[in-house]
Amino acid sequence: MRQLNPLRTLATTTALGGLLALSTLAGSAMAADAGNYPDQNVQYIIPFGPGGESDISARLQQQYFQELTGQQLIIQYMAGGGGAVGWSQLNEMGDDGYTIMGTNLPHIILKPMGKEPGFTTEELKNFFYFHYSPDALIVNNDSPFETLDDLIAAAKEAPGRITVSGSGTQSANDIANQRFESLADVKTTYIPFKGTGAAVAALLGDQVRAEWGYTTTAANHSDKVRMLAVASEERHPLFPEVPTFKELGYDMTGGAYRGMAVPEGVSDEVTTELSDIFSEINQNPEFRQKMEDLGFVLIDVPYGEMDDFMDKRRQEYEQVARDMGIIE
Amino acid sequence: MKSTTEPTQRVAARGSDACLAVAMLGIALGALWFSADISIMASVFPRTIAVLVLIFSAALLLRSLLAKPTRPRPEPGSVARRLGLIVVLLLWSLTLKWLGFVTSSLLSAACLALLSHYHGWTPRRAAGYATVLLLIIALFYVLFAIILNVPLPVGLLWRTQ
Amino acid sequence: METLSFMAAALSPVNLLLAIVGVAAGIVIGALPGLSATMAVAVLVPVTFGMPPEAALIMLGAIYTGAIYGGSYAAILVNTPGTPSAIATTFDGYPMAQRGDGDLAVTLSTLSSVIGGLVGALALLTLAPLLAQIALKFGPVEYFWLAIFGLTLISALSEGSTLKGFIGAGIGLLLSTVGVSVVGGDIRYSFGSQFLLGGIETISALIGLYCIPVLIDLVATPSAHLQPPEKGRGIRLGEGMRLVWRGKFNAVRSAVIGTLVAILPGAGGSIASLVSYSEARRTSRRSERFGHGEPDGVIATETANNATVGGGFIPTFVLGIPGTPPDAVILGALLVQGFRTGPEMFTTNASVTYTFIGGLVIATLLMLPMGLLIGRYAFKSIVSIPKALLVPSIAFMTVIGTYAIRNNPFDVVVMVVLGVIGWVLARYGIKPSPIVLGLILGPIAEQGFVQGYLMGNASGSVLGAFFGRPLSLAIIAMVLLSVLYPLWRAHRARRLPREPEEARP
């Protein structure tokens, strides 16, 4: 049944294999030239699994990146350790500017405060931060808590009785709860779930009284849940009737910020170029509309202002981390 | 639940069961030892499991000493070739990052073909097998690297800097 | 009637073509170990951006269905679950292939997958809102008890010593705790290595534990990998259909189990197929033949895992909470397309939803001719490949497949090491299945327990939280039944040794 013609000798076949190897090497080793960057597709690594908010917002950028540059933005996943597996390997990746990776706050600041995450915050060369999902305290539509004050009153009456679900420990949700507890001087029971989906399912099934989520969560489940307050500077255009924490007297803004980083070795010209490209995507009205419809809030933090931005966030999180006992 | 359809030959298993039980005792104790610096919430579960493994392993150890356990006769075959395969697979997985996907896969696939071949080699057969293997690797390379956009490792050794 | 006309829209030539391409691509991707349904769907998402929403959904649904079914090929032919859903297919599918019945096993898996897929789609069509409400009743405590129920399957899955089965499950449970913990946020058992931070990927562990031992024993002897089939035999469709007819109750029960497990977010196809496998074994008159190539085993797992496709879409569409990992990707694609999930999926967006369900039914039916065709050649070619080519090819697939799950070379090292350990343990009587069961159920049990404890603490009664809810009590009853029934049966068998039912058939 198998009749193989000995047309090729072993020597030529190995040579062929070598050629194959060489050609792939040559492709990746091509020097980056900032002048006409990008002249090939860019790999965009998301250090989480597919389907989450990091993935969805990257998918939205994907379309406009191609419109703008003519090159494709290829989304890859490298999940594990809440992002740590990806971030700890970023600096080993090709530094020609054709590999970028999504980074998230508060993760990249909080994780290195714990033990051995394999990377430090300073090692990540962030070049653009493009949006955040503001924290929001969410309850079911038929919940007895009509306002934030209702919930605070109930929590004051019976400390620890109010159960609140959220995604993960030492995550944006956990921090939001911690900050809220100290600002409002109440005690709740925070119950960590694996991912926003599981946290919201616990709320919908009446397993918990409230959930720490984001405006995006409320936008996805707008028929079943409502928000008591949002941790953004201004009211979100999708939910003009929901007050901000600031309005109610709690100085709390923040959420899950998302941006991108390149390996350390990428030249400053290419990094600036990348920062410009993504800031232009952020100005696209169609992109803005789609992001807002999903509940995101757009921000522009280009490469030049990154250090200031990160320093500010770091101070905020250090305070909370001290309260939570992550650092001394 | 033993097989009733195909009675297999059985061999004594006292020694092997005792070894297994001791190894598992070691793992359970290790899991307990290394859980010392984990917070209470995150260590309840691994500690409980470790204690259960400890109990079951102790029971297994006792049983191996008191009863006369047997086990099915292991599949016969060449030990050298098995070890060879394990070594090749380990080297393959460890060199992936350094040699790059293509180089380490070509080398390992060639070694494995040599290891698993039991008849003589003729130039014709060697050439035929090499061609087929190359084709298979090329096919998968195209599928993964080009169609599915998987960033296969290019090899840190070949990096220009 | 409107529903039917929407569903008929799936029959348009373009949609039909997308379904065919999707199923074919899905079968190939599912058959390759490591390339899971999740990845297949994720790769396709950007392609679907330019399409109308129903066409995009049909393509994604078809590739998902095809991938779940395709997983059975690798399970039957090389003892490696192509996707986690196909773990239990290895138990009887591979022994069937070893004795030369690989073609029959593939035919059975095809027929069963079609049945399961149809039942799941039917549930999605008719019962979605109701079943979604049931899914919400499951809180952390219920998940905890479900995981405990899952662990009682060990005694059914561990051949030989149950004690060794429990030890194996313990190893799996311990392995599942490696990495960053969800509750507490601690880094556990990583020994300072940044690579162990991400934990042990279930699919890499599966590939290692099931496939590496096959390779190790393959190189040790010159004898053939599988028995070649008798000459001049077809696809054995008639024989397969007779067997499925004989196992019709088994098939329907497994499909129902598959649908119900899938509506619980986070449970997934692997658990659905394991539960239905052990149910099939428990109730079968030929239970002692399970694990040695019993056709009913293949029927049970393959109907169950394809029923999870339709079942998993129920919470995804109704609640916006993905039932299975591939559903999470499809949900993301829907959001990017500007769709909202929820009741409007069945009212304002009904045309899209019902066209999609129609497409799912068509994709499921397409698996029959395509699966039989591909299966016929797959078995014949695997049998006729000489060992010197088979071993490197399988090894190559496991390496590239494991790498591709998370694009992480260290996962390949973990896969090989676990495989070697698994081979050694199997020689000493600890089979891979209990280890895998522990690995899959570990996170569910742990999170359920700690969350349940925290909730109980907040309400003032931990015991009340774990034992006070009717649903938990029902699951606890199932746990007890599952533990006590085999004991009772063994006891009865001892007292009535000559009862005809227990005799060898």
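The model is predicted: local features need pLDDT of at least 70, side-chain atom pairs count only at pLDDT 80 or more, and totals for chains, interfaces and linings use all residues. Residues are numbered from 1 along each chain as its sequence is written, while chains are lettered from A and ligands numbered from 1 in the order in which they are written.

**Chain B: fold and dimensions**

- Chain B has 5 helices and 2 strands; these are DSSP runs numbered from the N terminus, with helices being H or I of at least four residues and strands E of at least two.
- Along the sequence, the order is β-α-α-β-α-α-α.
- The radius of gyration of chain B is 24 Å, whereas a compact globule of 161 residues would be near 15 Å. That radius is taken over C-alpha atoms, and the globule rule is 2.2 Å times the number of residues to the power 0.38.
- Along the principal axes, the C-alpha atoms of chain B fill a box of roughly 60 × 50 × 25 Å.
- Of the 161 residues in chain B, 34% are buried (20 or more other C-beta atoms within 10 Å of the residue's own, with C-beta atoms placed from the backbone).

**Interface of chains B and C**

- Chain B puts 60 residues in contact with 52 residues of chain C (C-beta atoms, placed from the backbone, within 7 Å).
- H2(B) gives the largest share of the chain B side, 13 residues.
- By class, that side of chain B has 42 nonpolar, 12 polar and 6 charged residues. Nonpolar covers Ala, Val, Leu, Ile, Met, Phe, Trp, Tyr, Cys and Pro; charged covers Asp, Glu, Lys and Arg; the others, Gly among them, are polar.

**Chain C: two helices against H17(C)**

- Helix H2 (residues 13–31) of chain C and helix H17 (residues 350–384) of chain C have axes that come within 9 Å and cross at roughly 50°.
- The crossing of H2(C) and H17(C) is right-handed (near helix turned clockwise from the far one by less than a right angle).
- Residues meeting there include C:Gly22 in H2(C) and C:Met367 in H17(C). The contact has 12 nonpolar, 4 polar and no charged residues.
- Helix H4 (residues 53–78) of chain C packs on H17(C) at about 30°, with axes 8 Å apart. H4(C) and H17(C) are therefore roughly parallel.
- The crossing of H4(C) and H17(C) is right-handed. Its contact includes C:Gly61 of H4(C) and C:Phe356 of H17(C), and has 15 nonpolar, 7 polar and 1 charged residues.

Notes: Two residues are in contact if their C-beta atoms, placed from the backbone, lie within 7 Å. Axes are lines fitted to C-alpha atoms, for helices over the stretch in contact, and angles run from 0 to 180 degrees between N-to-C directions. A residue is buried if 20 or more other C-beta atoms lie within 10 Å of its own, exposed if 12 or fewer, and partly exposed in between; C-beta atoms are placed from the backbone. Angles under 35 degrees count as roughly parallel, over 145 as roughly antiparallel, 65 to 115 as roughly perpendicular and the rest as oblique.
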